[in-house]
Amino acid sequence: MVLLRKLPGMPGWPAALGLRLPQKFLFLLFLSGLLTLCFGALFLLPDSSRFKRLFLPRRATASSSSSSSSSASSSSASSSSTRDTDLPRSPPAAAEPRHASPAAPRRLREKLRTVARMAGPPAHTAPGSRQQVQGGERRAEPATGAPPARETRAPLRFDYERFRRSLRHPVRGRRPGEDPETRARRMKIKEMMKFAWDNYKQYALGKNELRPLTKNGHIGNMFGGLRGATVVDALDTLYIMELEEEFQEAKKWVEKSFDLNVNGEASLFEVNIRYIGGLLAAYYLTGEEVFKSKALELGEKLLPAFNTPTGIPRGVINLGSGMSWSWGWASAGSSILAEFGTLHLEFLHLSELSGNPVFAEKVMNIRKVLNRVEKPQGLYPNFLSPVTGNWVQHHVSIGGLGDSFYEYLIKSWLMSDKKDSEAKKMYDDALEAIEKHLVKKSAGGLTYIAEWRGGILDHKMGHLACFSGGMIALGAEHAGQERKQHYMDLAAEITNTCHESYARSDTKLGPEAFRFDAGTEAMATRLSERYYILRPEVVESYMYMWRLTHNPKYRQWGWEVVKALEKHCRVEAGFSGIRDVYTTTPTHDNMQQSFFLAETLKYLYLLFCEDDVLSLDDWVFNTEAHPLPVNHTNFKASVQ
Ligand code: DMJ
C-alpha cells in the first residue's frame with residue numbers, strides 16, 4: 001500500500017485530488033477491486049512467464065501443470081487425485097511401478113495398481129490400437145506405427161519366479177529310468193547339434209548361417225542387417241540339450257555382439273519367428289534379462305510395419321528408418337496370410353513382459369480384420385490388401401504362404417490356457433473348411449491337403465504343409481468327443497503321407513513338394529521341387545504324434561531321418577541341404593539353415609525324450625520351434 005501512504009510534506013493523494021469522504025470511500029473500493037483483478041490475472045499467465053514465477057511460489061506452478069496434463073492424458077485420474085502430493089508429476093497412465101522407488105508409500109502403490117486395473121489386460125484392449133474419445137463416442141484410431149510405449153505401459157511387472165513356479169513340469173524333465181536305446185538315440189542327436197554348432201562357431205560365428213562346404217558364413221537379406229540368426233535360433237536347443245558350454249558361448253555373443261542398431265530391409269515374419277521367438281524362449285527358459293531386453297527392443301522396431309490403413313502389417317521393414325512395404329512378388333501390394341498371421345504368440349508375450357499393451361493391440365487388430373472380411377467357402381486366401389482389408393487373390397494353401405496362420409490359431413488358444421475361445425473357433429471353422437474343400441485321398445489311399453486356386457484344386461503338397469499332421473493332432477486333443485478320433489485319424493493319415501514322401505525317395509529325405517497327379521503319388525514331378533533344405537515339418541509332426549499317441553512307429557520314422565541326415569547331409573564342417581532327394585549321390589547346397597538347429601534337431605531330440613521335457617502342458621512351440629509358456633496364471637505380478 002505504498003501508494004496510499006501520506007508522504008511528508010505532501011497531502012494524501014486522494015485528498016490531493018480534492019475528494020470528499022464518501023467519494024474517498026468509493027475510490028478506495030474501486031482501487032482494491034482493481035488490485036485483486038490484477039493479482040488474479042497472474043494465474044492465467046503461461047507457466048513460462050517470468051512475471052508469474054516472480055509472484056507465485058514454485059510448488060504452485062508445478063502442481064497446476066501436473067494437474068492439467070494428467071487430466072488430459074487419463075480420464076481415470078481426477079484433478080483432485082493429482083493434487084495429492086504423493087502422486088508422480090508425470091501423467092498417471094504413464095506411471096510405471098518399476099520406476100517407483102521400492103520404498104514408495106503403500107498408498108502410492110495402491111493408486112498405481114488401480115490405474116493398471118483400469119487400463120485392463122492387454123489382450124482384451126479394444127483392437128485397432130489406442131482408443132480416442134470423440135463426440136462422446138469411442139472410436140478406434142487407425143493403428144499407428146510409432147509405439148506410444150511410455151504412454152501406454154501398464155504399471156505391472158513380470159514376475160519371473162512366479163512364472164517358474166507355475167510350470168507343471170521341470171523344463172528339462174525328471175529323467176526317470178529309460179531304455180538304453182532311446183537314450184543312445186537322444187545322445188546321437190545331441191552330438192549332431194554339437195557338431196552343427198561347433199562348425200558354425202568356428203567358421204561363421206556372427207554371420208547368419210554357416211556354409212559348411214566353403215567353411216564360411218552367409219548373411220543373406222532376410223534379417224535387415226541383423227546378424228547371428230543361427231546363434232539366436234540355437235539358444236534354446238543348446239539349453240534343452242544341456243550343452244552348457246555351448247549355450248554360454250551363444251549367450252556371450254548375444255550380450256557382447258548382437259547389435260540391433262541396423263539399417264536394412266528385414267522380413268517382419270522371419271525376424272519375429274526366429275529372433276523374437278528365440279530370444280523370448282531363451283528368456284523364459286533361463287530368466288536371463290539380456291534376452292528379454294533384446295526381444296523387447298527388437299519388438300519395438302517392428303511396430304512401424306503396422307502403420308497401414310487397416311493395421312495389417314506390410315511384409316518388409318527397414319529396421320533403421322521404420323519404413324515398410326510389401327514384397328515385390330506379392331500381388332497388388334498385398335500382405336501374406338502366413339506372415340501377418342504368425343505374430344500373435346510372440347506379440348502377446350512382448351506385451352506380457354513389457355507391460356505395454358501396444359503389441360497385443362496390434363495382433364488383436366489383425367484378428368479383427370480377418371473376422372470382418374468375407375471368407376470364400378470359409379477359406380482364408382493367402383493375399384490380403386493392407387490398404388482395403390480385402391483379399392487380393394484366391395489362393396489357399398496350408399503349405400507355404402498360409403501354413404503358420406492356422407498353427408497360431410490353435411496355439412493361441414492353448415497358450416491362453418484355453419481361454420481364447422475366439423481363436424479356437426477360428427481354428428475349428430478354418431479346419432472344417434479345409435477338410436471340406438482341400439483334403440483329398442489319392443488312388444493309392446494316401447490322404448493329402450491340396451491347394452486351392454479360385455476353386456480349382458492343385459493336387460500338390462509342399463514339405464511346409466507337413467507340419468499340419470502335428471497341428472491337427474494337437475487340436476484333436478481338445479476337439480469335442482465326436483470329432484476327437486476323427487481328427488486324430490486325419491492327423492495320422494497326413495503324417496503317414498508325409499512319411500511316404502520320404503520313404504519313396506532314394507535318400508529317405510523328402511522333396512520340397514510332392515504331387516498326386518498323372519499316376520504320381522507323394523513324389524516330386526518337377527526338377528525344381530526335388531531339393532531338401534534340412535526342413536523340420538515332417539519330424540515336427542512325428543514329435544507331436546509320438547507325444548499324443550505313443551505309437552512307436554513315430555520314433556522309428558524319426559530315427560530313419562537321423563540316419564538319412566547323417567548319410568546325405570553331414571559334411572566335413574556341418575550339415576548341408578541337398579539338391580535332389582532322388583539320387584544316392586546328391587550334391588549339396590552349401591547351407592546349414594538356422595532352422596535346422598532351432599527346429600529339426602530340437603524336434604528329433606524331443607522325440608526321444610520323456611514327455612515332461614518341454615511338456616505340452618506348459619509350453620507351445622512357435623513356428624520356429626521356440627517354446628513359449630502357456631499362461632497358467634496371470635504372470636503379471638502386482639507391484640512389489
Ligand atoms: C521355418 O523358418 C519355420 O518353420 C517357418 O514356419 C516355415 N519355414 C521354416 C522351416 O522350413
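Hi everyone, let me start with a rule: rings of Phe, Tyr and Trp (its six-membered ring) pair if their centres lie within 6.5 Å, and planes under 30 degrees apart count as stacked, over 60 as edge-to-face and the rest as tilted. By that rule, this structure holds 31 aromatic pairs.

A word on what we are looking at. This is a predicted model, in which local features need pLDDT of at least 70 and side-chain atom pairs count only at pLDDT 80 or more, while totals for chains, interfaces and linings use all residues. Residues are numbered from 1 along each chain as its sequence is written, and side-chain values use heavy atoms, with hydrogens and water left out.

Back to the rings. F514 and F516 make an edge-to-face pair, 6.0 Å centre to centre and with 75° between the planes. Are these two buried or exposed? Here buried means under 20% relative accessible area, exposed over 50%, and partly exposed in between, with a 1.4 Å probe and protein chains only. F514 counts as buried because its relative accessibility is 0%, and F516 is buried too, at 8%. Elsewhere, one aromatic cluster is formed by F158, Y160, F163, Y283, Y284 and W619.

Now, the ligand. Which residues are around the ligand? Taking those with a heavy atom within 4 Å of it, we get I273, R274, L464, R535, P536, E537, F595, E599, T623 and E624. That shell divides into four nonpolar, one polar and five charged residues. In this scheme Ala, Val, Leu, Ile, Met, Phe, Trp, Tyr, Cys and Pro count as nonpolar, Asp, Glu, Lys and Arg as charged, and the others, Gly among them, as polar. Two helices, α12 (268-286) and α23 (594-607), each supply at least two residues of the shell. Helices (H or I, at least four residues) and strands (E, at least two) are DSSP runs, numbered from the N terminus.

Next, a sheet. Strands of a sheet pair through backbone hydrogen bonds, either parallel or antiparallel. Here three strands form an open sheet in the order β12-β15-β16, with antiparallel pairing; two strands pair if DSSP finds at least two bridges between them. The edge strands, β12 (395-396) and β16 (456-458), each pair on one side only. Strand β15 (residues 451-453) is joined to β16 by three bridges, and R453 stands opposite I456 in β16.

S397 is buried because its relative accessible area is 1%. Its side chain reaches the backbone nitrogen of G399 at 2.8 Å, and a polar atom of the S397 side chain lies 3.1 Å from the backbone oxygen of G400.

Last, two loop residues. K215 has a positive phi, near 55°, and is not a glycine. K215 sits in the loop between β4 (209-211) and β5 (216-218), and K215 is partly exposed because its relative accessible area is 29%. Q377, also not a glycine, has a positive phi of about 55°. Q377 is in the loop between α16 (358-372) and β10 (383-384), and it is exposed, with a relative accessible area of 52%.

How values were computed:
A polar contact is a pair of N or O atoms within 3.5 Å; within protein, one must be able to donate a hydrogen and the other to accept it, and residues adjacent in sequence count only if both atoms are side-chain atoms.
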